[in-house]
Amino acid sequence: SINLQRVNNIILCSSIFIADLCDGNSVSQKAVTMVKKEGEIVILQCTYSTTGSYYYLYWFRHYSDKQPEFIIWKYSGSDNQDKGIGFGNRFTAHLQKSNSFISLSISELVVSDSAVYYCAFILTTVMDCNARLLQKLPSLCT
């Protein structure tokens, strides 16, 4: 007998996402399109720059026909984190303050993980400034 195995490809996109929040505060992702297979692991990366000491870094998932979904946040002042509803142990974030870097790891990929992923940065203090946001989605992800 012949053993046939169906392999589904999973496409994960990280958009170009640059936010100038205030003087010296920004977050940046490179545009990356990754094709993975079910069961594999993926690590998405984001860098940031800040003059603040206390801040939150967030990851969101976005399907083209829905609102962005909150996945997880990490806090710079402690090991505190929180996950959105429905995001279990497959989703983990790692914050490296010394390198101004945060990653999102998704393990045991499933087809429904095919989406665009964003990181976001929020200071814990209110600052008087004008925020500018630039977002460009890679053509393969639209």
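1. In this predicted model, Asp113 and Arg61 are both buried. Their side chains form a salt bridge at 3.7 Å, N to O. This pair connects distant parts of the chain, 52 residues apart: Asp113 lies in the loop between strand S10 (101–106) and strand S11 (115–123), and Arg61 in strand S6 (residues 55–62).

2. Asp113 also meets Arg90 in a salt bridge of 2.8 Å, N to O. Here the partners are 23 residues apart, with Arg90 placed in the loop between S8 and S9. Asp113 has a relative accessible area of 0%, whereas Arg90, at 22%, is partly exposed. Through shared partners, salt bridges join Arg61, Glu69, Arg90 and Asp113 into one network.

3. The side chain of Glu69 reaches Arg61 at 3.0 Å, N to O. Glu69 is partly exposed at 27% relative accessibility, while Arg61 is buried at 10%. The structure has three salt bridges in total.

4. One aromatic cluster consists of Tyr54, Tyr56, Tyr58, Phe60, Phe70, Trp73 and Tyr75. Nine aromatic pairs are found in the whole structure.

5. Ser76, in the loop between strand S7 (69–75) and strand S8 (81–83), is buried, with a relative accessible area of 3%. Its contacts beyond four places in sequence are Ser53, Tyr54, Tyr55, Leu95 and Lys97.

6. The mean pLDDT of the chain is 74. Where pLDDT is low, the predicted coordinates should not be read in detail.

Methods:
Residues are numbered from 1 along each chain as its sequence is written. This is a predicted model: local features need pLDDT of at least 70, side-chain atom pairs count only at pLDDT 80 or more; totals for chains, interfaces and linings use all residues. Side-chain values use heavy atoms; hydrogens and water are left out. pLDDT is the predictor's confidence in each residue, from 0 to 100. Rings of Phe, Tyr and Trp (its six-membered ring) pair if their centres lie within 6.5 Å; planes under 30 degrees apart count as stacked, over 60 as edge-to-face and the rest as tilted. Helices (H or I, at least four residues) and strands (E, at least two) are DSSP runs, numbered from the N terminus. Buried means under 20% relative accessible area, exposed over 50%, partly exposed in between (1.4 Å probe, protein chains only). Contact means heavy atoms within 4.5 Å. A salt bridge is a side-chain nitrogen of Lys or Arg within 4 Å of a carboxyl oxygen of Asp or Glu.
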